[in-house]
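Student: Can we go through this one together? I'd like to know what stands behind each label.

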Amino acid sequence: MAKNILLIAGGDSSEHEISLISAKYVASQLEQIPDYNVLSCVLHDSQFQFADGAVGYFTLGPNFVVRAADGSEQSYKIDCAVPCLHGFPGETGDIQALLMMHQVPFIGCGKEASINCFNKVTTKLYFTALNIENTPYIFIADASEAALKQAHSAFANFGHDVYVKAASQGSSIGCYHVTDESKLDAAIKEALSYSPLVLVEKTIVHRELEVAAYEYNGDLHITDPGEIIIPQDKFYTFDEKYSADSSSTTTVEVKDLSPVQKDIIKSMARRAFVGLHLRHLSRIDFFLGDDGVVYLNEINTFPGMTPISMFPKLVEHAGLPMSKFFAACVEDAIAHQAQ
């Protein structure tokens with residue numbers, strides 16, 4: 001009997017459109033599995049919307065009803081969900097909580113891990129507790145006089161060169177490079193419009209390296225790092241990632257890293273994956289400082305799956321077709337739900 005796979009894209013975050021591109025790729029991989037019936041929907045305005053105008057909703061448990069535009073309905077038992085959502089509500093733990101409430105197996109990280117990794121402040125606190133090197137920072141929760149004074153003190157301590165980051169955003173939304181102290185307050189206030197917590201983080205002159213960390217056949221695999229090569233006068237903003245005129249490039253082979261550097265990166269990624277209770281897949285991003293120090297930057301619990309995204313490139317470069325990987329995640333999610 002075919003298994004009903006609910007592929008959920010979209011969401012109401014600033015990354016809605018990128019999620020749709022990722023979901024198109026994920027659907028193409030899931031549809032290669034003969035016994036999967038893929039139901040692709042877009043989550044928008046709290047509705048599961050289908051391309052033909054139908055809408056879906058959960059009733060009891062994993063029962064999912066699709067109501068067509070003419071009012072007719074069809075029910076499906078959802079065997080597994082694939083929350084292909086960047087930002088809210090996918091990487092924030094909200095969709096995972098909904099699926100858990102309806103006893104629907106799903107691939108990817110659980111609710112708590114998603115929450116902890118999406119909040120950059122919480123993530124950094126975990127890194128420090130796990131003794132994983134990360135960039136020096138402070139965090140502030142408002143634009144009060146005391147908070148701004150603390151930020152200015154950090155700006156001086158960090159060499160008058162910082163990044164101001166909204167704590168709960170993805171794809172560099174709400175992220176600002178500040179080297180002029182007169183612009184610090186405005187950057188903080190703008191970042192606070194995206195998130196209730198803001199990081200003020202020391203700028204590290206670095207190379208940007210990324211690994212795919214994924215589970216397959218019961219084992220955790222960490223790929224060799226790939227690299228995002230960014231022009232010196234830019235940083236990896238949303239536009240620099242996704243615009244047609246981006247001047248950044250990627251490679252899945254970094255030939256000038258030493259075996260020791262690769263081992264350090266893989267060890268840090270493994271400790272982060274296990275320590276933050278991740279599951280199935282993540283992209284883990286690093287800075288290699290010009291002083292040779294490796295810093296763990298951030299974790300993406302459902303990484304991009306667009307044509308330029310590193311996660312699928314790294315996994316396939318490691319020798320695992322993405323269709324087999326997604327099938328393994330689905331079967332693992334179903335098996336563990338049944339236990």
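Tutor: Phenylalanine 118 lies in helix α3, residues 111-118; helices (H or I, at least four residues) and strands (E, at least two) are DSSP runs, numbered from the N terminus. This is a predicted model, where local features need pLDDT of at least 70, side-chain atom pairs count only at pLDDT 80 or more, and totals for chains, interfaces and linings use all residues. Residues are numbered from 1 along each chain as its sequence is written, and side-chain values use heavy atoms, leaving out hydrogens and water.

Student: Why is phenylalanine 118 called buried?

Tutor: Buried means under 20% relative accessible area, exposed over 50%, partly exposed in between (1.4 Å probe, protein chains only). Phenylalanine 118 has 13%, so it counts as buried.

Student: And what makes threonine 223 buried?

Tutor: Its relative accessible area is 6%, so threonine 223 gets that label too. Threonine 223 sits in the loop between β13 (219-222) and β14 (226-229).

Student: Which residues does threonine 223 touch, not counting those up to four places away in sequence?

Tutor: Val211, Ala212, Tyr214, Lys266, Leu314 and Ala318; contact means heavy atoms within 4.5 Å.

Student: How far apart are phenylalanine 118 and valine 211 in space?

Tutor: They are 17 Å apart, C-alpha to C-alpha, and 93 residues apart in sequence.
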